Amino acid sequence: MLAETLAAIRPADPGALAEARAHQDRLTKPRGSLGVLEEVAVRLAGAAGVSPPPMPEPAALAIFAADHGVHARGVSPWPQEVTVQMVANFLSGGAVANAFAAQAGASVTVVDMGVAADLPDAPDLVKHKVAYGTADLSEGPAMTADQAVSALEAGIAVAKGLVDGGARCLITGDMGIANTTASAALVSAFTGKDPAEVTGRGTGIDDETHAHKVGVVRAALRANALTGFAPSSPGEVLRALAGVGGFEHAAIAGFALYGAAARVPVILDGVIAGAAALVAAALAPAAVDHWVAGHRSAEPGHTAALAHLGLRPLVELELRLGEGTGGLLAHPMVCAAVRVMHEVATFDSAGVTEKPV
């Protein structure tokens with residue numbers, strides 16, 4: 001499944017990009033007056049291979065949930081059982097992501113990738129549990145190579161199911177106490193940035209705990225031979241993912257890869273999605289053409305990830321919640337950008353005089 005998905009990914013269509021830019025210039029507005037929204041519309045046209053691009057709705061949010069063995073190192077003040085409790089909150093509709101999804105008209109699917117508990121069946125819960133949480137990444141690989149591939153393919157399967165069900169935009173979401181530690185390790189490995197530059201405060205930690213967290217990330221990179229990492233093959237990418245990633249990171253990477261393969265836009269959320277996108281982009285660089293950065297997280301690692309991916313965030317509100325909240329807030333903007341391409345008249349059709357050249 002992973003190989004088939006990677007083989008299906010194509011870069012943005014140059015003809016559609018050129019046609020979309022030309023169409024933007026013919027619309028009844030000064031050229032460039034919609035700023036970044038024009039870039040988004042053109043980007044989606046190139047991804048879809050047609051101008052104007054299809055409307056990116058309805059949207060589907062997938063929240064991938066998993067626990068992390070590194071939690072035992074004291075990198076988060078929150079107890080690990082919060083992961084399973086928040087999964088129940090998502091399923092009952094009580095989380096911020098649920099409120100934002102209702103505002104955006106997006107469906108919410110929760111995916112158990114590796115929660116450290118058995119979850120009861122629920123209508124919007126998909127079970128792809130690889131294990132009851134990862135191993136402690138600061139002591140060696142967080143997962144095996146087979147587990148990494150299984151988690152990647154679970155993300156692909158979830159995305160395929162949502163697209164087959166009618167979704168025309170995919171939004172990444174996540175839940176997992178201590179997942180910002182794994183994210184920082186992935187970002188540091190794939191961007192070459194020092195752990196101190198990309199390790200943030202997650203759900204809120206004091207200076208002493210933050211310094212300890214940076215040390216744990218450094219230990220993880222050493223334990224997994226990822227200091228000075230430079231992936232030269234898919235196998236090396238998978239080794240890094242297995243070494244310091246989480247099951248939700250792997251699943252989000254697969255989710256984003258399938259969106260690219262299916263030419264369905266993917267709105268990335270915050271630092272967990274950014275870390276996962278680094279993995280996906282290392283496996284298929286052309287996949288980046290099909291993604292939109294929903295927002296810039298307050299986590300420093302997210303800025304590093306976006307810069308490495310060459311993505312410009314649409315929203316910057318100092319969010320650091322995860323769950324897909326930033327991606328959900330960005331979705332109406334993405335829809336508005338595309339709607340302009342479909343509904344705004346051109347100078348010729350409206351009989352409006354253009355500015356003299």
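Helices (H or I, at least four residues) and strands (E, at least two) are DSSP runs, numbered from the N terminus. The structure is a predicted model, in which local features need pLDDT of at least 70 and side-chain atom pairs count only at pLDDT 80 or more, while totals for chains, interfaces and linings use all residues. Residues are numbered from 1 along each chain as its sequence is written, and side-chain values use heavy atoms, with hydrogens and water left out.

Pro265 is situated in the loop between helix H11 (247–261) and strand S5 (266–268). With a relative accessible area of 15%, Pro265 is buried; the term buried denotes under 20% relative accessible area, exposed denotes over 50%, and partly exposed lies in between (1.4 Å probe, protein chains only). Apart from neighbours within four places in sequence, Pro265 is in contact with Leu44, Pro56, Arg168, Cys169, Leu170 and His290, contact being defined as heavy atoms within 4.5 Å. Pro265 and Glu57 are separated by 208 residues in sequence, yet their C-alpha atoms are 9.9 Å apart.

Pro58 belongs to the loop between H3 and S1. A cis peptide bond also joins Ser51 and Pro52, with omega about -5°. Pro52 is likewise assigned to the loop between helix H3 (36–48) and strand S1 (59–66).

The UniProt record, an unreviewed entry, places the feature "active site" at Glu323. UniProt positions are given in the numbering used here, feature names are shortened, and annotations may be inferred rather than shown by experiment. Glu323 occupies the loop between helix H13 (300–309) and helix H14 (325–343). Its relative accessible area is 5%, and Glu323 is therefore classed as buried. When residues up to four places away in sequence are not counted, Glu323 touches Leu61, Ile63, Met86, Phe90, Ala95, Val96, Ala97, Gly173, Asp174 and Asp269. The side chain of Glu323 reaches the backbone nitrogen of Ala97 at 3.1 Å. The loop between H13 and H14 also holds Glu318. The phi of Glu318 is near 60°, a positive value in a residue other than glycine. At 69% relative accessibility, Glu318 is exposed.

Helix H13 packs against helix H12 (residues 271–283) at an angle of about 30°, with the axes 8 Å apart. Axes are lines fitted to C-alpha atoms, for helices over the stretch in contact, and angles run from 0 to 180 degrees between N-to-C directions. The contact is formed by Val271, Gly274, Ala277, Leu278 and Ala281 of H12 together with Gly301, His302, Ala305, His308 and Leu309 of H13. These residues of the contact of H12 with H13 comprise six nonpolar, four polar and no charged. In this division, Ala, Val, Leu, Ile, Met, Phe, Trp, Tyr, Cys and Pro count as nonpolar, Asp, Glu, Lys and Arg as charged, and the others, Gly among them, as polar.

Within H13, the residues Gly301, His302, Ala304, Ala305, Leu306 and Leu309 are buried. The elements that cover the buried residues of H13 include helix H7 (179–191), helix H8 (195–198), H12 and strand S6 (291–293). Just after H13, Gly310 adopts a positive phi of about 75°.

Helix H7 contains Thr180. Thr180 is buried, its relative accessible area being 15%. A polar contact of 2.7 Å links the side chains of Thr180 and Lys213; such a contact is a pair of N or O atoms within 3.5 Å, where within protein one must be able to donate a hydrogen and the other to accept it, and residues adjacent in sequence count only if both atoms are side-chain atoms. Neighbours within four places in sequence aside, Thr180 is in contact with Gly202, Lys213, Val271, Ile272 and Glu299. Ala178 is placed in the loop between strand S4 (169–175) and H7. The phi of Ala178 is near 85°, a positive value in a residue other than glycine. At 6% relative accessibility, Ala178 is buried.

Arg222 forms part of helix H9 (residues 207–223). With 56% relative accessibility, Arg222 is exposed. Arg222 and Glu139 are 83 residues apart in sequence, and their C-alpha atoms are 9.0 Å apart in space.
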